[in-house]
Amino acid sequence: MTTWNEPSLDRVDPEIARLIREEELREARTVRLIPSENYASRAVLEASGSCLTNKYSEGYPGKRYYEGQQSVDPIEVLAQDRLKALFGAEHANVQPYSGSPANLAVYLAFCKPGDTVMGLGLPAGGHLTHGWGVSITGMYFKSVAYGVRPDDHRIDMDQVRALAKEHRPKVIWCGGTAYARTWDFPAFRSVADEVGAIMIADIAHIAGLVAGGAHPSPFGIADVVTSTTHKTLRGPRGGMILAKKQHAAAIDKAVFPGLQGGPHNHTTAAIAVAALEASKPEFKQYARAVVDNAKTLADALTERGFRLITGGTDNHLLLVDLTPQGVPGKVAAKALDRAGLSLNYNSIPFDPRKPFDPSGVRLGTPAITSRGMGKTEMLQIADWFARVVQKHDDQATVEAVRREVEAMCVKFPAPGIPVV
Ligand SMILES: *Cc1c(COP(=O)(O)O)cnc(C)c1O
């Protein structure tokens, strides 16, 4: 190995070094249940923290506006090729800075300002970028939101079809951030065909499950698939757009020069590493275990008297309505965080409470599954969850759970985090 004749981060900026160290300890010693979070591997982190952050590479491999792409070109081609092979996609663009810019690039490729677009409404579990009012995507386009049924909280395909026929959207998004059930991609395809819309699957949350065969794949069905790379896929913080060949040129032009300047090459390299990791048999086991763990946790919480939206889960996440317990989501989330169970408060469909003080909490199993936790730990987590929600204002309970959480976490080293 080469030596570094330069002072380390500890020496240059002890304040930031200390805060990063504290975050490492927090991630190592808590049960992380935020469904959009995970642990990237050491290999992914190394690529992401490399000198590739120094390089400008506007353009695409073989067609750049800067010289010196001897390493960057093959890195980007590897990232594209690995993702295409992993998902069975015809075209891959790995340059979007994150999930939201990837979605914005898709609008730029297919829509003009004022066009009609359609997506799952935020209160029903959709994402801001699918046309919600506070997002640029709800301001620059005429947005139509479909929802879930009031009785079982599942997506209502009859409503999707009726709204699509009435409003004739240019694009139809399928995907969400708080929807615990399988997406019926063929059903969306048939609606899109009926009204001549572009079908876009946003698999940000479930990309790892799709890659590992634990959720039906939209490839070969959707025109375009967008995703983050850092959620269940376990890569660096980034975005990607995969598409049918006929849309390749429009997508590439929309990302650069339409929306962005130079790609984040350190992220591209880390995406390539994550795609390689996701192609291994162990990743399939991980993806299956994420879903198995979520089902175990859902059953265990139901047995303990909790009300799950849709009655359970098909994927990595659970949405719990705490109305029967009489505890607001935010109060529960804060007490659980103090107890070392990290999750987020969340609106439930048709929530009578406000988004900043909603009725539910959302939890998920990707990060804890990446640590190797299984059935025994899920039952234990359900116990802790019930104890803390019930006694959320009792400091002794919260502290006792916290000690038990830390004792369990020691037994499950977190990928990418040095053992402490
Ligand atoms: C997380 C998410 C995004 C946005 O990703 P960012 O990287 O946070 O911008 C987009 N769509 C869906 C469905 C998501 O879950």
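The lining of the largest pocket comprises 14 nonpolar, 10 polar and 11 charged residues. Here Ala, Val, Leu, Ile, Met, Phe, Trp, Tyr, Cys and Pro count as nonpolar, Asp, Glu, Lys and Arg as charged, and the others, Gly among them, as polar. The model is predicted: local features need pLDDT of at least 70, side-chain atom pairs count only at pLDDT 80 or more, and totals for chains, interfaces and linings use all residues. Residues are numbered from 1 along each chain as its sequence is written, and side-chain values use heavy atoms, with hydrogens and water left out.

A pocket is an open set of points on a 1 Å grid over the protein atoms alone, where a 1.4 Å probe fits, with protein on both sides within 12 Å along at least five of seven lines; lining residues have an atom within 4 Å of a point. Grid points are joined across faces, edges and corners, and a volume is the space filled by probe spheres set on the points.

| Largest | about 1300 Å³ | 35 residues |

Ile20, Glu24, Leu45, Glu46 and Gly416 are the closest to the centre of the largest pocket. Helix α2 (14–29) gives its lining the largest share, 6 residues. Helices are DSSP runs (H or I, at least four residues), and strands are runs of E (at least two), numbered from the N terminus.

Domain 1 (47–278) and domain 2 (282–410) each supply at least three lining residues; the domain bounds come from an automatic or database assignment.
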